[in-house]
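Hi everyone, thanks for making the time today. Let me put the structure up, and then we'll walk through a few pieces of it together.

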Amino acid sequence: MYSRHGRIQRNPRQTPSTHVSISPGCCAPRCQRRPAQGLADIVLERPKQASHGDFASNLGMQLARELKTNPRQVAERIVRELPCLAFLSRRSRSPAPASINFTLTPAGAQRGGGSGAGRHDGFGRGAAKNGRMARRLQSRDSFPPIPPARCMSATARRAPTAPALASLLGFAGYEVTREYYVNDAGRQMDILAVSAWLRYLELFDEPIPFPPNAYQGGYVREMAEQIKQAHGDRYVHPAEAVLACVPETEDIEARLDGFILAGKDLLGEDWSYVHGHVLSEQLADCRADLEEFGVHFDVWFSERSLYDTGMVARAVEKLEKSGHIYTQDGAKWFQSTAFGDEKDRVVQRENGIYTYFASDIAYHLNKFERGFDKVIDVWGADHHGYIPRVRGALQASGADADKLDVTLVQFVSLFRDGQKVSMSTRSGEYVTLRQLRAEVGNDACRFFYMLRKCDQALDFDLDLAKSQSNDNPVYYVQYAHARICSVLAQWDGDESTLGRADLAPLQHEREFALCARLAEFPELVQAAARDYAPHALAFYLKDLAGDFHSWYNAERVLVDDVATREARLALALATRQVLRSGLALLGVSQPMSM
RNA sequence: GCGCUCGUAGCUCAAUGGAUAGAGUACUGGCCUCCGAAGCCAGGGGUUGUGGGUUCGAUCCCCGCCGAGCGCGCCA
């Protein structure tokens, strides 16, 4: 079963109750999920509308369900019995839904946002998770086979998504390793290598028609030129010899395989040089592209290494021992239907070559062996049909498949001049991540992607993104940050003293609203991490910036009254801190001025 | 045909089974002798594709239909 976030859940969502405790000293409620015990969800939440108070509970409604009585009466009874607390000014049962509402006193509100809260850089950071579940997390970003570089902007949506999720989980208290799975084995890599070789032969005027299904991009010619400059005509073979390996057939895939065969046969040992050069060039380019984008991976895991170390063979052997492998038509099949897949899948072809599926099983088993408590794969949505077989193989191997979560990222459709830009990897007709970054900028690009729930397909109007780049929400958030930097600079005082500022002068509605928003940050981090929803953080930052701008426009910070001035400066400082933390998690810069 | 993911303001997108479904953008009208106007304030905009069901309560859960994207290979 798939959750709405595209994440796999083995069991239908359980209905955990939420235990919330509030104490005057804490800046935000600590939410803790507990297993359901007969009662449905009982929550304490922040109402969407400020007029409904600072917190609201559906306790009355949920109890009424169990007691089979009137929710309003239950709620009224609970409100009557509630003790008086110093930080609560009002407890009420609102008429419509019979929920119980709490409103903080000014002191309570001030404590929430302005105090210790946002004035140190650790605010919002979750405590290290020491439970058995999900202590170490693995965020694996499996990019499609090739081109390893020249990330297309359509698929490259995962580039900002996976690292933002990893950062968020790290900030929430999990120990995270970010890993990029490099598909450096298999036919696609051979196709790229042979594409470069054929372009290389063109440079020596060998009359070989370039296959229509080989990689057409200009970068292939660049690599050919590099090889020529480095090694001259060393890899040149006459067209007749090359074409002799290519079958006369209409099947262009078969012809392409013929070209690959020609390369391997004619070049012999040198084939591995061409192959290796193409791979390292593409990989280096891909890494540079991602680093420029502010996207960093801790581990670059080579698919080929799984073959070199025999892990693929061992993984298949493990499946054979489990009794879920059978041979048919000379190929080895994994009985994935026994685990809910639509059909059984081949792991080793008739010609003895392992499929991509086989190496992927080996990869996941390897990752489990490395001791991760949770493995989060970020895949393109087109791979969704692939999930059942991977989970099935893990189960058959005796691994705990529940440790694997798969987040699917939907595609982006680019529009230019009102027309959808056609994207095709091999044809070379596509907009790269680089081009996209150059057009709209790193920050706008990252924030734009983060502003969407990742399992939502989205349309990206390039002309709009360019012409209205100043209207991009990212500038709205960054502008709030820059404004705060500016006012602090004009104050020209010692920021470290603001941590002790008395917040009592904060008495306006907009100040309470900003405090409440700041106080919400730690909860939001935990919720967004739990749901694998980095977009929630982007929306929060937009809201926070909005609360700040409203307040800043209505109230002057640098007033003559010292107490008021310092309280407001402290609030501004706390806001800046949360903006910084949040933007950094999303990989967006935090400019002092713009 | 089967499977998966979706369908929310003109457009781009939000919304743990909760209150009058929210932002941005676009449009209309206001606000700089004052810490940055990339900002603020106010306004119009909706049968949440559609028809049923469950529930005190459904954008959310279940079923049908319509529409879109993706996947259905001894490719990766």
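Let's start with helix α12, residues 356–369, where 14 residues reach 20 Å from first C-alpha to last. That is close to the 20 Å expected at 1.5 Å a residue, the expected span being 1.5 Å times one less than the number of residues. Helices here are DSSP runs of H or I with at least four residues, strands are runs of E with at least two, and both are numbered from the N terminus.

Before I go on, a word on ground rules. This is a predicted model, where local features need pLDDT of at least 70 and side-chain atom pairs count only at pLDDT 80 or more, while totals for chains, interfaces and linings use all residues. Residues are numbered from 1 along each chain as its sequence is written, and chains are lettered from A and ligands numbered from 1 in the order in which they are written.

Back to α12: is it enclosed or open? In α12, 10 of the 14 residues are buried, so the helix is largely enclosed by the rest of the structure. Buried means 20 or more other C-beta atoms within 10 Å of a residue's own, exposed means 12 or fewer, and partly exposed is in between, with C-beta atoms placed from the backbone. Among the buried ones are Ile-361, Tyr-363, Leu-365 and Phe-368. Just after α12, Gly-371 takes a positive phi of about 90°.

Zooming out, chain A has 20 helices and 17 strands, and buried residues make up 40% of its 594 residues.

One bridge joins Arg-416 to Gln-419 in β16.

Now a helix pair: α14 (433–440) and α15 (442–450) pack at about 110°, axes 6 Å apart. Axes are lines fitted to C-alpha atoms over the stretch in contact, and angles run from 0 to 180 degrees between N-to-C directions.

Last stop, Arg-77 in helix α2 (residues 71–81). Arg-77 is partly exposed, with 13 other C-beta atoms within 10 Å. Its C-alpha is separated by 59 Å from that of Asp-463, 386 residues along the chain.

Methods:
Two strands pair if DSSP finds at least two bridges between them.
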